[in-house]
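Work through these exercises with the model open. Try each task before you read its solution.

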Amino acid sequence: MLSLNVYNRQGDSIGTVEVDPAEFGGAINRQLLHDVVLMHLANQRAGTHSMLRRGEVAGSTKKLFRQKGTGNARVGTRRTNKRRGGGTAKGPKPRDYEYHLPRRAVRAATRMAILSKFQDQEAIIVDDLTVNEIKTKPVVSILRALKLEGTTCLVGTAKHEPMLYRSMRNIPGVQIAPASQFNAYCVLRPKRLLLTRAALEELRKPAQGKEPGAKKS
């Protein structure tokens, strides 16, 4: 069992909560995490790169000079990739990089990523983060009390909190999202993970369907 400290908004410890690693996959499969993170990165690529090939660059297709008799090396069109201003050989063209792994594997990777934050002591549980007004200064004070100021952090809530989101969205390095929208990439990318107690309970709910067994790496 993992014992996690629970803090209040002033940064004081008010108790602990026990977490069973089995609720988050039990063990961490590093290869699965790697594959899922690569999938998320690939799906973010625009794929709009494009280079002109020899058939697309401007210029005549006429042979520059005759094959023999000039004493020069033989040449063809000025569009060849061997000459300055010519086309690019096998250059990239627009393509779609998107692909998807099985949903059960993606869900399992998300739970493993959260478990890794717990095991590495990079997760903080806070009792409550509810705000009554859209204001950044009180939220910054909470992050400072929790020693999260100046570091990248993912803030997880049990449900969508519009006022909290609008209070945090302009803080550099801080991202906020409901626990139901977590994925392995967004959990692993920041240095720290900040969860409300309600968000932790939301994450502990068993996922629908049986997840693939995790293997130690």
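A polar contact is a pair of N or O atoms within 3.5 Å, and within protein one must be able to donate a hydrogen and the other to accept it. Keep that cut-off at hand. Note too that this is a predicted model.

**Exercise 1. Thr-157**

Task: Find which backbone oxygen the side chain of Thr-157 reaches, and describe the setting of Thr-157.

Solution. 
- Step 1. Locate the residue. Thr-157 is in strand E4.
- Step 2. Check the distance. The side chain of Thr-157 comes to 2.7 Å from the backbone oxygen of Lys-159.
- Step 3. Judge the burial. Thr-157 has 4% relative accessibility, so it counts as buried.
- Step 4. List the neighbours, leaving out residues up to four places away in sequence. Thr-157 touches Leu-164, Ile-176, Ala-177, Pro-178, Ala-179, Thr-196 and Ala-199.

**Exercise 2. The aromatic pair**

Task: Classify the aromatic pair of Phe-24 and Phe-118 as stacked, tilted or edge-to-face.

Solution. 
- Step 1. Know what to look up. A pair of aromatic rings is described by the distance of the centres and the angle of the planes.
- Step 2. Count the pairs. The structure holds one.
- Step 3. Apply the values. The ring centres of Phe-24 and Phe-118 are 5.4 Å apart and the planes stand at 85°, so the pair is edge-to-face. The cut-off for this class is over 60 degrees.
- Step 4. Phe-24 is in the loop between strand E2 (13-19) and helix H1 (30-43), while Phe-118 is in helix H2 (residues 103-119), so the pair ties together parts that are 94 residues apart in sequence.
- Step 5. Check the burial. Phe-24 is buried at 0% relative accessibility. Phe-118 is buried as well, with a relative accessible area of 3%.

**Exercise 3. Arginines**

Task: Decide which backbone oxygens the side chains of Arg-111 and Arg-79 reach, and which ring lies under the charged ends of Arg-45 and Arg-95.

Solution. 
- Step 1. Take Arg-111, in helix H2. Its relative accessible area is 11%, which makes it buried. The side chain of Arg-111 reaches the backbone oxygen of Glu-23 at 2.9 Å.
- Step 2. Take Arg-79, in the loop between H1 and H2. At 18% relative accessibility, Arg-79 is buried, because the cut-off is under 20%. Its side chain reaches the backbone oxygen of Gly-59 at 2.6 Å.
- Step 3. Look around Arg-79. Beyond four places in sequence, its contacts include Arg-54, Val-57, Thr-61 and Gly-86.
- Step 4. Turn to the ring of Tyr-97. The charged end of Arg-45 sits over this ring, 3.7 Å from its centre. The charged end of Arg-95 also sits over the ring of Tyr-97, 3.9 Å from the centre.

**Exercise 4. Loop residues**

Task: Are Lys-90 and Gly-91 buried or exposed?

Solution. 
- Step 1. Lys-90 is in the loop between H1 and H2. Gly-91 is found in the loop between H1 and H2.
- Step 2. Compare with the cut-offs. Lys-90 is exposed at 81% relative accessibility. Gly-91 is buried at 6%.
- Step 3. Find the contacts of Gly-91. Leaving aside neighbours within four places in sequence, these are Met-51 and Arg-53.
- Step 4. Check the backbone of Lys-90. Its phi is near 55°, a positive value in a residue other than glycine.
- Step 5. Move to Gln-121, in the loop between H2 and strand E3 (123-126). Its phi is near 60°, again positive in a residue other than glycine.

Terms used:
Residues numbered from 1 in each chain as written. Predicted model: local features only at pLDDT ≥ 70, side-chain atom pairs only at ≥ 80, totals over all residues. Heavy atoms only, no water. Phe/Tyr/Trp six-rings, centres within 6.5 Å; stacked < 30°, edge-to-face > 60°. Helix = DSSP H or I, 4+ residues; strand = E, 2+ residues; numbered from the N terminus. Buried < 20%, exposed > 50% of the residue type's maximum accessible area, 1.4 Å probe, protein only. Lys NZ or Arg CZ within 6 Å of the ring centre and 35° of its normal. Contact = heavy atoms within 4.5 Å.
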